[in-house]
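Good morning, and thank you for coming. I would like to take you through one structure, and I ask that you keep the sequence and the model in view as I speak.

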Amino acid sequence: IMKVTQDGSIPQIASNINNWLNTHNPDVVFLWIGGNDLLLSGNVNATGLSNLIDQIFTVKPNVTLFVADYYPWPEAVKQYNAVIPGIVQQKANAGKKVYFVKLSEIQFDRNTDISWDGLHLSEIGYTKIANIWYKYTIDILKALAGQTQPTPSPSPTPTDSPLVKKGDVNLDGQVNSTDFSLLKRYILKVVDINSINVTNADMNNDGNINSTDISILKRILLRN
């Protein structure tokens, strides 16, 4: 089992994850990441999370991955929590062994669960979080130990979570001209791969992102 937690931003983790996976060769990965991206930049890095999950499965296709959201502090993290279940569901629908761990269901008490720095958890808070990790992972881990694989079934996506689908290049839950513009800018190398959702940008599922995908997305938008 390998744990990848919030000590660093998603790009920092992505730059090291291949080496870690090849060095430790885990069969299970716990992924709790993205909070620092939000705090440092003020932006939700949903695309980075989606791409990081894809990167993990590219290196270790048979790994079992647990992806967690955050305890509800600070308030800004709630907007990131809203997109995580949809990303996990998308990957599960694609056949990946990935599961959502809803740490945001913690019975949160800011007075006791947050440490002296006003941001990270206290010992009490971490104990609560550990119990939630256990709740969401233990049955699946037991099944793995028994050589049986349960069907990936992340927790239901909240009703206010944006949909994740082909053409939704920026993961805002919609497929529109903004996605077309972003995909075109990527093709022209104006923005890099961290600016798009790779899975949704690959419109024809051929493993490449090119002018063909632009054409397909354009036809979809014209029909709508």
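The average pLDDT of the chain is 84, and 87% of the residues score at least 70. The stretch to treat with caution is residues 155–164, where the pLDDT is below 50. Beyond near neighbours in sequence, that stretch has 21 contacts in the model. Where pLDDT is low, predicted coordinates should not be read in detail.

Now the overall architecture. The chain has 10 helices and 4 strands, and from the N terminus the order of elements is β-α-β-α-α-β-α-α-β-α-α-α-α-α. Of its 224 residues, 46% are buried. The accessible surface comes to about 11600 Å², with 51% of that area belonging to carbon and sulfur atoms. If we take contacts between residues at least 6 apart in sequence, 69% of them join residues at least 24 apart.

Let us look inside. In soluble globular proteins, nonpolar side chains tend to be buried together. Here, the largest nonpolar core holds 47 residues, and those touching the most other members are Leu31, Trp32, Leu49, Leu65, Val67 and Trp133. Among the elements that give two or more residues to this core are helices α1, α3 and α7, together with strands β2, β3 and β4. There is also a second, separate core of 12 residues, which includes Ala201, Ile209, Ile214 and Leu217.

I turn next to helix α8, residues 177–187. Which of its residues are buried? They are Asp179, Leu182, Leu183 and Tyr186. Viewed down the axis of α8, these buried residues fall within an arc of 100 degrees, so they line one face of the helix.

Just after the helix comes Lys189, whose phi is positive, at about 65 degrees, although Lys189 is not a glycine. This residue sits in the loop between α8 and α9, and with 74% relative accessibility it counts as exposed.

Asn25 belongs to the loop between α1 and β2. Is Asn25 buried or exposed? Its relative accessibility is 52%, so Asn25 counts as exposed.

Another asparagine, Asn81, lies in helix α4. At 9% relative accessibility, under the 20% cut-off, Asn81 counts as buried. Its side chain reaches the backbone nitrogen of Tyr70 at 2.8 Å. Leaving aside neighbours within four places in sequence, Asn81 is in contact with Asp69, Tyr70 and Ser104.

Finally, I draw your attention to the loop between β3 and α4, where Pro74 is found. The peptide bond joining Trp73 and Pro74 is cis, with omega about -5 degrees.

That concludes my presentation, and I thank you for your attention.

Note on methods
Residues are numbered from 1 along each chain as its sequence is written. This is a predicted model: local features need pLDDT of at least 70, side-chain atom pairs count only at pLDDT 80 or more; totals for chains, interfaces and linings use all residues. Side-chain values use heavy atoms; hydrogens and water are left out. A nonpolar core is a set of buried Ala, Val, Leu, Ile, Met, Phe, Trp, Tyr and Cys residues joined through side-chain atoms within 4.5 Å. Buried means under 20% relative accessible area, exposed over 50%, partly exposed in between (1.4 Å probe, protein chains only). A polar contact is a pair of N or O atoms within 3.5 Å; within protein, one must be able to donate a hydrogen and the other to accept it, and residues adjacent in sequence count only if both atoms are side-chain atoms. Contact means heavy atoms within 4.5 Å. Accessible areas come from the Shrake-Rupley method with a 1.4 Å probe; for residues, only the protein chains shown count as cover. The arc is that of the directions from the helix axis to the C-beta atoms. pLDDT is the predictor's confidence in each residue, from 0 to 100.
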